[in-house]
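Dear colleague,

Please find below the structure that I am handing over to you. My notes on what was found in it follow directly after.

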Amino acid sequence: MGKFLLLLFIPCSVFCTWQNQAIDTEGEVGAYSSIAVDSEGRPQISYTNLTLGRLKHGFFGTDSTWHIKSLGTTTGGYYSSIALNGGKTHIAHYNPNLETLLYTKAEILGTAIIGTYTYYGTYTYLTETVDTGKVGRFCDIAVDTDGDPHISYYNENKKALNYAFWTGLEWATSTIDYATSSDRGRFTSLFLAEDALPIISYYDATTGDLRLAFWNMTTWGSGTLDAIGNVGQYSSIAGTNSVLHVAYYDATNGDLKYATNPENMLKWRYLTGNCVNSSPAVSSDGKIYVGSDDGYLYSLNYDGSFRWK
């Protein structure tokens, strides 16, 4: 008897009645599920058929019916993560046989009029390999305003955090947090701030810490957010350009924990002509002075606006 994929839907207050519905019952299905909602309020779900080891895609059509697609003939769908942008569906997932990170894009091929509905039910799917070499578990995907996907994931070979993004021509991949004798990069969650700047929460299995990595337009930075007990598994990050929020598991106490840091988040950026490898100085009246490898000394106001160089 297969397991059911269950969906809870229809937003409401805590006092209303939730509606539960089994939308796929063919085989053992529903593991590694991820959900996203399009601009018209229709949900889409990526998940795995464990019986066949295949990625599946479920979407709620404008005909008020669930439509289920089983994708490909190769193993995939594990650790799936789904994101929607501009009528396109983006899914990151893992092939456990080849130990590779996969990416599937679904685009609406056409529409059909069924009764009073315009039915968006014809999709074309493209699956490709993003990275190889014991990589891809704990992946998470986000899409920038240009429609390009970004993926955070675990590098089991290096025991490190990896990151990939589509340049418009190819996938660019990199290892962004690696330390000798450490096991970092499990349970990743990815948030794209302004200008598609990635911020990733994840778990250090060696120290049992919650960590955060971020791109500052020049280099990657990373650090520990919480080191009290064994914390950081199952992390999930969300936020705005000024405030981040991270939910995660405290395995020591069996608790849900939450972290935010509104006072120390990025308030502004100023782009110099080259790297900045020196520490800034702040005068008593709030003026900021910093040297850059472009050969200039910059003076900025406290709000980040330019004064002189």
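In the hairpin formed by strand 23 and strand 24, five residues lie between the strands, and G295 takes a positive phi near 95 degrees. Please note that this is a predicted model. Strand 23 and strand 24 (residues 297-300) are paired in the antiparallel sense over four bridges, and Y298 in strand 24 is the bridge partner of V290. On its other pairing, strand 23 runs antiparallel to strand 22 (residues 281-282), to which two bridges join it; here A281 stands opposite Y289.

Strand 23 (residues 288-291) also has two faces to consider. In a regular strand the side chains alternate between the two faces of the sheet. The covered face of strand 23 carries I288 and V290, while Y289 and G291 belong to the uncovered one.

A surface feature involves residues from this part of the sequence. L297, F306 and W308 make a nonpolar surface patch of about 280 Å². W308 lies in strand 25 (residues 306-308) and is partly exposed, with a relative accessible area of 35%.

For the chain as a whole, the figures are as follows. The chain has zero helices and 25 strands. Of its 309 residues, 43% count as buried. Among contacts between residues at least 6 apart in sequence, 35% join residues at least 24 apart.

Strand 5 deserves a separate paragraph. Six of the seven residues of strand 5 (residues 54-60) are buried, so this strand is largely enclosed by the rest of the structure. Strand 4 (residues 43-49) runs antiparallel to strand 5 and is joined to it by six bridges, with K56 in strand 5 as the bridge partner of Y47. The hairpin of strand 4 and strand 5 has four residues between the strands, and G53 there takes a positive phi near 70 degrees. Strand 5 pairs with strand 6 (residues 66-71) as well, in the antiparallel sense and over six bridges; H57 stands opposite K69 in strand 6. Strand 5 and strand 6 likewise form a hairpin, with five residues between them, and S64 in the turn has a positive phi of about 60 degrees.

I turn now to the charged side chains. A search of the whole structure finds eleven salt bridges. In one of them, the side chains of D24 and K56 meet at 2.8 Å, N to O. D24 lies in strand 2 (residues 19-24) and K56 in strand 5, so the pair ties together parts that are 32 residues apart in sequence. Both D24 and K56 are buried.

How far apart are the closest N and O atoms of the salt bridge that K257 forms with D226? The distance between these atoms of K257 and D226 is 2.8 Å. The pair links distant parts of the chain, 31 residues apart: K257 is in strand 21 (residues 255-260) and D226 in strand 18 (residues 220-226). D226 is buried, with a relative accessible area of 8%, whereas K257, at 22% relative accessibility, counts as partly exposed.

A salt bridge also joins E40 and R42, with the closest N and O atoms 2.8 Å apart. Is E40 buried or exposed? E40 is exposed, with a relative accessible area of 54%, while R42 counts as buried at 15% relative accessibility.

Finally, D177, R184, D204 and R211 are linked in a network of salt bridges. D177 lies in strand 14 (residues 171-177) and is buried, with a relative accessible area of 3%. The side chain of D177 makes a polar contact of 2.8 Å with the side chain of R184 and a polar contact of 2.9 Å with the side chain of R211. Not counting residues up to four places away in sequence, D177 touches A160, L161, R184, Y202, R211 and S222.

With kind regards

Conventions
Residues are numbered from 1 along each chain as its sequence is written. This is a predicted model: local features need pLDDT of at least 70, side-chain atom pairs count only at pLDDT 80 or more; totals for chains, interfaces and linings use all residues. Side-chain values use heavy atoms; hydrogens and water are left out. Buried means under 20% relative accessible area, exposed over 50%, partly exposed in between (1.4 Å probe, protein chains only). A polar contact is a pair of N or O atoms within 3.5 Å; within protein, one must be able to donate a hydrogen and the other to accept it, and residues adjacent in sequence count only if both atoms are side-chain atoms. Contact means heavy atoms within 4.5 Å. Patches are made of residues with over 30% relative accessible area and no salt bridge: like charges are joined within 9 Å, nonpolar side chains (Val, Leu, Ile, Met, Phe, Trp, Tyr) within 5 Å. Accessible areas come from the Shrake-Rupley method with a 1.4 Å probe; for residues, only the protein chains shown count as cover. A salt bridge is a side-chain nitrogen of Lys or Arg within 4 Å of a carboxyl oxygen of Asp or Glu. Two strands pair if DSSP finds at least two bridges between them.
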